[in-house]
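I opened this entry to look up charged pairs first, then the packing inside. My notes follow in the order I took them.

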Amino acid sequence: MREPNWKSYIVVTPQPILTPQQCQELIILGQAEPKIEATVSGGKKDKQINNTIRKSQISWIPFNKATTSYKIIVDWMQQANTNFFAFDNMQMNELAQYTEYSKGGFYNWHIDIHKNMRTMPSVRKISMTLLLNDPKEFEGGELEIYNGELTNTGSKEHLINLKQGQAIFFASFFLHRVNTVTEGNRKALVMWFGGTPFK
């Protein structure tokens, strides 16, 4: 059996879903929350700082401080899931992660699903990245997704350059990375949506 032609695991919104003002509000909220050095999973320790894999600063935005933006994003996720992913019982049950990549910042190839499912509130199925600042404010920092299918250039990777307020939703089991920021500061909102286990 084959998947239906309409099914897709990489969905970029056709236009920005948040206004520049809403993006700026999220930046202010993210910067006001306690910032920590981003960690990675693996080894004997569950979370550890490893600047050879990931170099950025993150914070977590509480639900009650960004209600409108959360609702807009969840509505778009549900629409993308209905039209393209068709995953079961999708919902938001993790806080949004505000991420800053300053010059030299990056995140090497990884997936968003933990091998140990007990550490997850539900099975992550859809990941989202939304660019919060104007892409003119930084260089590099492209989101790159490997989906195992050749593109028209012969590559199996998709480079994603987003506009301010634009989002991409993709399957959490896809390998992806954020390329090194060579100038400026890339500010993004990252979210994950989960549901019942894959069948």
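**Charged pairs and cores**

I began with Glu 183, which counts as partly exposed at 38% relative accessibility. The model is predicted. I looked up the partner of Glu 183 and found a salt bridge with Lys 103, the closest N and O atoms being 3.4 Å apart. Glu 183 lies in strand 15 and Lys 103 in the loop between strand 7 and strand 8, so the pair ties together parts 80 residues apart in sequence. Lys 103 is exposed, at 55% relative accessibility.

Next I checked Arg 124. Arg 124 forms a salt bridge with Glu 94, with 2.7 Å between the closest N and O atoms. Strand 9 holds Arg 124, and the loop between helix 2 and strand 7 holds Glu 94, so this pair joins parts 30 residues apart in sequence. Arg 124 is buried at 10%. Glu 94 is buried at 14%.

I then took Arg 177 and Glu 144, whose side chains meet in a salt bridge at 2.8 Å, N to O. Arg 177 sits in strand 14 and Glu 144 in strand 11, 33 residues apart. Arg 177 is partly exposed at 23%, whereas Glu 144 is buried at 9%. My count of salt bridges came to six.

Last, I turned to the packing. The largest nonpolar core has 27 residues, and Leu 130 is among those with the most contacts inside it. Helix 2 gives the largest share of this core, six residues. Apart from it lies another core of 15 residues, including Val 40 and Phe 174. I also noted that buried residues make up 43% of the 199 residues in the protein chain.

Notes:
Residues numbered from 1 in each chain as written. Predicted model: local features only at pLDDT ≥ 70, side-chain atom pairs only at ≥ 80, totals over all residues. Heavy atoms only, no water. Core = buried A, V, L, I, M, F, W, Y, C linked by side-chain atoms within 4.5 Å. Buried < 20%, exposed > 50% of the residue type's maximum accessible area, 1.4 Å probe, protein only. Helix = DSSP H or I, 4+ residues; strand = E, 2+ residues; numbered from the N terminus. Salt bridge = Lys/Arg side-chain N within 4 Å of Asp/Glu carboxyl O.
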